[in-house]
Amino acid sequence: MFLVGLSGGIASGKSTVVAVLRELGCAVIDADVIAREVVQPHFKAYRQIVRYFGTEILLENGEINREALANIIFSHPEKRQLLNSITHPEIQKEMLKQILKHFVLGCRYVILDIPLLFETNRLTKFMKYTVLVYCDPPTQLSRLRKRNGLSQAEAEARIASQLPLDEKRKLATHVIDNSGEWESTRRQVLSLHAHLEASLDFLWARLAAGTVVVGLGGLVYLLLQHFIS
Ligand SMILES: Nc1ncnc2c1ncn2[C@@H]1O[C@H](COP(=O)(O)OP(=O)(O)OP(=O)(O)O)[C@@H](O)[C@H]1O
């Protein structure tokens, strides 16, 4: 099995592309969903967040008030760092668990949908391929304005807070250009899927796992022989 990182920019069409990939039966791990899960009450990160940030960041139902927490870390970079040091290891653990599950199920590849994949650049070294869902700047601006009901200035400010798509484009191994019609995007996703399905890169991980299993089996056999005789 191999990993494929997928990212985009605000309103560039990532959700649209992921929907097609899921429809094709691809295994997709959504980092945003995991980030929301690990701060739910029964998780370790929840207890740590409450310990450090206090019960005032809780909603009446006991869940974390994400907006209140976002406001705190917005003006206190050291608190943002603290929050990241609590949540990031839990998110990575959960991602690893899901990757292993897909490996055991025999998936050839898994798509990791990570919003800040190219900005943080920490996870790209684990990816065999990286995919950018691209959209030309005027189209991105107009789709964002329409979807979120924003003024020109508001939409421009949100886009400017991210690494420009033209910069991310240089970092990706594959680009899906979503500037045109849905059908054109769909065709590109189908062709990417065919390319990934045809790749033999999944064999390396299976070979490595097979070698470990055979090695461990051999070791157990030798130990049993030793103790029985
Ligand atoms: N090819 C397309 N043609 C027309 N509209 C599109 C196309 N692709 C996406 N859109 C529209 O553009 C908007 C943004 O798309 P989408 O929500 O998929 O982007 P996203 O990258 O997931 O956004 P975000 O990361 O900001 O949540 C949506 O309203 C969607 O319906």
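**Close-up views of a predicted protein–ligand model**

Strand β3 is mostly covered, 5 of its 5 residues being buried. A residue is termed buried if 20 or more other C-beta atoms lie within 10 Å of its own, exposed if 12 or fewer do, and partly exposed in between, with C-beta atoms placed from the backbone. This is a predicted model, in which local features need pLDDT of at least 70 and side-chain atom pairs count only at pLDDT 80 or more, whereas totals for chains, interfaces and linings use all residues. Residues are numbered from 1 along each chain as its sequence is written.

**View 1. Overall architecture of the protein chain.** The protein chain has 11 helices and 5 strands. Helices (H or I, at least four residues) and strands (E, at least two) are DSSP runs, numbered from the N terminus. Taken along the principal axes, the C-alpha atoms of the protein chain fill a box of roughly 80 × 50 × 30 Å. Of the 229 residues of the protein chain, 24% count as buried. Among contacts in the protein chain with a separation of 6 or more, 75% are accounted for by residues 24 or more positions apart; two residues are in contact if their C-beta atoms, placed from the backbone, lie within 7 Å.

**View 2. The open sheet of 5 strands.** The strand order is β2-β3-β1-β4-β5, with parallel pairing. Two strands are said to pair if DSSP finds at least two bridges between them. The edge strands, each of which pairs on one side only, are β2 (27-30) and β5 (174-177). From one strand to the next, the twist averages 25°. Angles run from 0 to 180 degrees between N-to-C directions, and axes are lines fitted to C-alpha atoms, for helices over the stretch in contact.

View 3. β2 and β3 pair in the parallel sense over 4 bridges, and Ile29 stands opposite Leu112 in β3. β1 is joined to β3 by 5 bridges, and these two strands run parallel. Here Leu6 stands opposite Asp113 in β3.

View 4. β4 is mostly covered, with 5 of its 6 residues buried. Strand β1 (residues 2-7) and strand β4 (residues 129-134) run parallel and are joined by 4 bridges. Leu6 stands opposite Val131 in β4, while Ser7 stands opposite Leu132. The pairing of β4 with β5 is also in the parallel sense, over 4 bridges; the bridge partner of Val133 in β5 is Ile176. Helix α10 lies across β1, β3 (109-113), β4 and β5, and runs at about 155° to β5.

**View 5. The loop residue Ala11.** Ala11 lies in the loop between β1 and α1. Although Ala11 is not a glycine, this residue has a positive phi of about 55°. Ala11 is buried, with 23 other C-beta atoms within 10 Å.

**View 6. The shell around the ligand.** Of the 14 residues around the ligand, those that come nearest are Lys14, Ser15, Thr16, Arg143 and Arg147. A residue is near a molecule or strand if its C-beta atom, placed from the backbone, lies within 6 Å of it. The elements giving two or more residues to this shell are α1 (14-23), α7 and α10 (182-198). α1 provides the largest share, 3 residues. By class, the shell has 3 nonpolar, 7 polar and 4 charged residues. In this classification, Ala, Val, Leu, Ile, Met, Phe, Trp, Tyr, Cys and Pro count as nonpolar, Asp, Glu, Lys and Arg as charged, and the others, Gly among them, as polar.

**View 7. The packing of helices α7 and α8.** Two packed helices are described by the angle between their axes and the distance between the axes. The axes of helix α7 (residues 137-148) and helix α8 (residues 152-160) come within 9 Å and cross at roughly 115°. The crossing of α7 past α8 is right-handed; a crossing is right-handed if the near helix is turned clockwise from the far one by less than a right angle, and left-handed if anticlockwise. Gln140, Leu141, Leu144 and Arg145 in α7 meet Gln152, Ala155, Glu156, Arg158 and Ile159 in α8. By class, this contact has 4 nonpolar, 2 polar and 3 charged residues.
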